[in-house]
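Biologist: Please put the model on the screen. I would then like to go through it by question and answer.

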Amino acid sequence: MSKLFEPIKVGDIEAKNRIFMAPLTRARATKEHVPTSLMIEYYKQRSTAGLIISEATGISQEGLGWPYAPGIWSNEQVEAWKPVTEAVHKNGGKIILQLWHMGRLVHSSFLNGEPPVSASPVTPYEIAYDPTAQVNKHLHAHTYNGTTEYERPRELKTEEIPRLIQDYRRAAQNAIKAGFDGVQLHAANGYLIDQFLRETSNKRTDQYGGSIENRTRLLREVTSALVEEIGAGRVSVRLSPNGDTQGCNDRQPYDLFTAAARILQDLNISFLELREPDFDGTFGKAEVAAVGDVIRKVFTNPLVLNSDYKKEKSDRALDSGRADAIAFGRTFISNPDLPRKLKEDLPLASDDMKTWYSQGPEGYTDYPTHDHPSA
């Protein structure tokens, strides 16, 4: 039988299978970033996953610039998340909360007109080591009035970093209060931690910039703080090491992300998830060969791979030892009962990109299951 259906222990969490649900922004919270009742049904429907990694969830208003995305900094948000985790647990599932700070990708309209923060005052269109170069002209900021150009961020001051780390601590505490089984630090996809990691977005001259040791310092400090708050067995991290993502890139990805993985191994986190598309990826494309194969040599705790995985590709990754579990994203959007469909080789439904971020149940809770083909 495929290893996908074998249980796995990731830190303190016992997962019933190795089919994880990847974090997926769905924009069904309120304008005040409070989870809604619709989200209860959505996550409950997908609780046959070995582990659900929730949608990216803002640790503070400073860090959240996506319309209708949820947060975890207020008591109201914590209380609204509780029915979600209760529903997943009652259905036999496990769920962790992904902690999100978007950094420079937050538009000032979310911040009362103030500029967003980042590692350096570099927009996603620029390359820090060559300010004359222009990249990613297609990028745009999301607002409640549609999309617009990104703005120049301000550099997060060195003396502000302890406050940022405290925001992460509070978010982790709140996640546990809300009933989550753990947290995942979002350090991927061009968001704040990634902006510190990579040289296109980090041109600092303090202890957080320059060398790889310095650029990985914030990752180390934030992850250490999360471990202190809730224990290493409930902390995981997501990285996206093999190419440009929202203007973040690096000329030494193997050295950089191997160093990051060593840090995370030393901290004994529960698992590391890598979003690594192939060269022919359907949602982002690789620029270098999989960095995960190098990371695997230094990170010996469970490694979870994500992006464009089907059953056969998943089996190869698990059988070869390249991965311990697979995180499925878009496939879980349109197939709430994905583990069953994979196990029984049932046909998979396709998702509708037009409803990824729309409000309401369409394209969210109305996808059919095999037992209920007209959900």
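**Strands, helices and pockets**

Biologist: Over how many bridges do strand 12 and strand 13 pair?

Modeller: Strand 12 covers residues 183–186 and strand 13 covers residues 235–239, strands being DSSP runs of E with at least two residues, numbered from the N terminus. Glutamine 184 stands opposite serine 236 of strand 13. Two strands pair if DSSP finds at least two bridges between them; here the parallel pairing runs over 4 bridges.

Biologist: What pLDDT do side-chain atom pairs need to count?

Modeller: Residues are numbered from 1 along each chain as its sequence is written, and side-chain values use heavy atoms, without hydrogens and water. The model is predicted, with totals for chains, interfaces and linings using all residues, local features needing pLDDT of at least 70, and side-chain atom pairs counting only at pLDDT 80 or more.

Biologist: By what angle are neighbouring strands of the barrel sheet turned against each other on average?

Modeller: The barrel is closed by 8 strands in the order 3-4-5-12-13-14-15-16, with parallel pairing.

Biologist: How many charged residues are in the contact of helix 3 with helix 6?

Modeller: Helix 3 (residues 161–177) packs on helix 6 (residues 217–230) at about 35°, with axes 9 Å apart; helices are DSSP runs of H or I with at least four residues. Contact means heavy atoms within 4.5 Å, and the residues that meet include Tyr168 and Arg169 in helix 3 and Glu221 and Glu228 in helix 6. The contact residues comprise 11 nonpolar, 1 polar and, as charged residues, 4.

Biologist: Which helix gives the largest share of the lining of the largest pocket?

Modeller: A pocket is an open set of points on a 1 Å grid where a 1.4 Å probe fits, with protein on both sides within 12 Å along at least five of seven lines, and lining residues have an atom within 4 Å of a point. The largest pocket holds about 1400 Å³, and among the residues closest to its centre are Asn189 and Trp356. Strand 5, strand 16 and helix 10 each give two or more residues to its lining. The largest share, 3 residues, belongs to helix 10.

Biologist: What is the volume of the second largest pocket?

Modeller: Helix 1 (37–45) and helix 11 (338–343) each supply at least two residues of its lining. The volume of the second largest pocket is about 200 Å³.

Note on methods: Axes are lines fitted to C-alpha atoms, for helices over the stretch in contact, and angles run from 0 to 180 degrees between N-to-C directions. Ala, Val, Leu, Ile, Met, Phe, Trp, Tyr, Cys and Pro count as nonpolar, Asp, Glu, Lys and Arg as charged, and the others, Gly among them, as polar. Grid points are joined across faces, edges and corners, and a volume is the space filled by probe spheres set on the points.
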